[in-house]
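Please keep the structure open while reading.

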Amino acid sequence: MDNQDKIKLEALFDRFLHDGLERISFGNPTDREQVQKVRCRPVFLRGEVLFQVEEFRGKQVFHQNLSKAEGKAYLTGLLDHSFRQCELTADGEWAQVLVGKKKTITIKQKKTGKRNAVKIRAEEESMQESEQKTGSSEEKRQRLMHNRAKHYVLEEGTPVPFLVDLGVMTKEGKVIRAKYDKFRQINRFLEFIEDILPQLSKDRENVIIDFGCGKSYLTFAMYYYLKEQKAYPIRVIGLDLKEDVIKHCSELGRKYGFEHLTFCYGDIASYEGEKKADMVVTLHACDTATDYALAKAVNWGAKVILSVPCCQHEWNGQMKNKVMEPVLQYGLLKERMAALLTDGVRAEVLEQMGYRTQILEFIDMEHTPKNILIRAVYQGQNPKQNKRNAEKLKELLQFWTVNPTLVKLLLPKLSEASEPLNF
């Protein structure tokens, strides 16, 4: 595709990427073994309009939220490399892009009279944020919710027993205002679970281990969604170091009749209760506890890993680099860099273990800085690619003079995966 065509496409996407966009969809892929379909829609987050992209790869769906500038570049690239057709629908406007065999493009456009439902959604979200700051009336919020209700995996208005007991909902199913962020967090987590459903079997028991389960809001939600709503045969084990919390969660599990949900007291590093797991979840496990959980997941052959790391001190204590000294002298910057580098290396190590790994935003940054989720789905190893990536990883670790726990724990497997390279 020549530069003139790219400029035309960027101008087209620039005109459609606004809060009146209804949908952009891509079809007729050039390689069906890669991305089969892509959809894009606007979302209203933290007071601004972003554009959520859904990539359909095999039986999996992957999401990312992009700014307008990022969206223009990403969508234009899809027509340059991956798709031959694109349809765009917005408030009052429609367009279609066709890519010919010689990468020439044809753009068809027309006006429509469609109503802008996206602005209603943005207005609803804005009103919810305004309520928290100014105490706007419940009546106004309900009118907006009536115009366009927010659809969650666990719907507001339908009482869920464990959410009532945990103080998130009233007995009538209304979400308690002070717990609305927790309600959104639970549903966001279940959206990640929804994406990986094809990885779980309907024909046999799936073993799911939740390391560092804490008060188990998400553990109960995961069990309820998979077992009660989706009827998957599962067995879920929650592990934590707080005995009183484990006791309380066990009592609640028995109360709800969740027969295949158990809670255990124990340390992640020394846990030997299972020999195999289909999915491993680790949410806010501190420092290297996350590394031990990830290593166990890999050694168990887990198909899916969902990890939200917490504090990361290991890199911060080890990293040294003369070139970066002018920046590393600032403790806050060093701490943040260490956290990002830690998670980046974790993701890369999982890639070399055969996982397709993504780093995603779990919940809004305004609620907690610990908002990164590592999602890894096993797809099989690529020895040639592993060897190249292992060389780069080794250079990176040498550059920062660090020896991360996850690399040490998986060293035999890393060496084997990248043969003949040794760490």
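## Helix packing and a pocket

Helix 12 passes helix 13 in a left-handed crossing. The coordinates come from a predicted model. The axes of helix 12 (residues 331-352) and helix 13 (residues 383-400) cross at roughly 155 degrees and come within 10 Å of each other. An angle over 145 degrees counts as roughly antiparallel, so helix 12 is roughly antiparallel to helix 13.

Helix 12 brings M337, L341, V345, E348, V349, E351 and Q352 to this contact. Helix 13 answers with N386, N389, A390, L393, L396, L397 and W400. By class, the contact of helix 12 with helix 13 holds 9 nonpolar, 3 polar and 2 charged residues.

Now the second pair. The axes of helix 6 and helix 7 also come within 10 Å, and they cross at roughly 50 degrees. Helix 6 and helix 7 are therefore oblique to each other. Their crossing is right-handed.

On the helix 6 side, the contact is made by K182, Q185, I186, F189, L190, I193 and E194. On the helix 7 side, Y217, L218, A221, M222, Y225 and L226 take part. The contact of helix 6 with helix 7 counts 10 nonpolar, 1 polar and 2 charged residues.

| Helix pair | Axis angle | Axis distance | Handedness |
|---|---|---|---|
| Helix 12 and helix 13 | roughly 155 degrees | within 10 Å | left-handed |
| Helix 6 and helix 7 | roughly 50 degrees | within 10 Å | right-handed |

How much space lies in the second largest pocket? The volume is about 600 Å³. The second largest pocket is lined by 25 residues. Of these, G212, C213, G214, D240 and L283 are the closest to its centre.

Which elements give two or more residues to this lining? They are helix 6 (180-195), helix 7 (217-229) and strand 9 (234-240). Helix 7 supplies the largest share, 3 residues. By class, the lining of the second largest pocket divides into 12 nonpolar, 7 polar and 6 charged residues.

Technical notes: Residues are numbered from 1 along each chain as its sequence is written. This is a predicted model: local features need pLDDT of at least 70, side-chain atom pairs count only at pLDDT 80 or more; totals for chains, interfaces and linings use all residues. Side-chain values use heavy atoms; hydrogens and water are left out. Axes are lines fitted to C-alpha atoms, for helices over the stretch in contact, and angles run from 0 to 180 degrees between N-to-C directions. Helices (H or I, at least four residues) and strands (E, at least two) are DSSP runs, numbered from the N terminus. Angles under 35 degrees count as roughly parallel, over 145 as roughly antiparallel, 65 to 115 as roughly perpendicular and the rest as oblique. A crossing is left-handed if the near helix is turned anticlockwise from the far one by less than a right angle, and right-handed if clockwise. Contact means heavy atoms within 4.5 Å. Ala, Val, Leu, Ile, Met, Phe, Trp, Tyr, Cys and Pro count as nonpolar, Asp, Glu, Lys and Arg as charged, and the others, Gly among them, as polar. On a 1 Å grid over the protein atoms alone, a cavity is a set of points where a 1.4 Å probe fits but cannot get out, and a pocket is an open set with protein on both sides within 12 Å along at least five of seven lines; lining residues have an atom within 4 Å of a point. Grid points are joined across faces, edges and corners, and a volume is the space filled by probe spheres set on the points.
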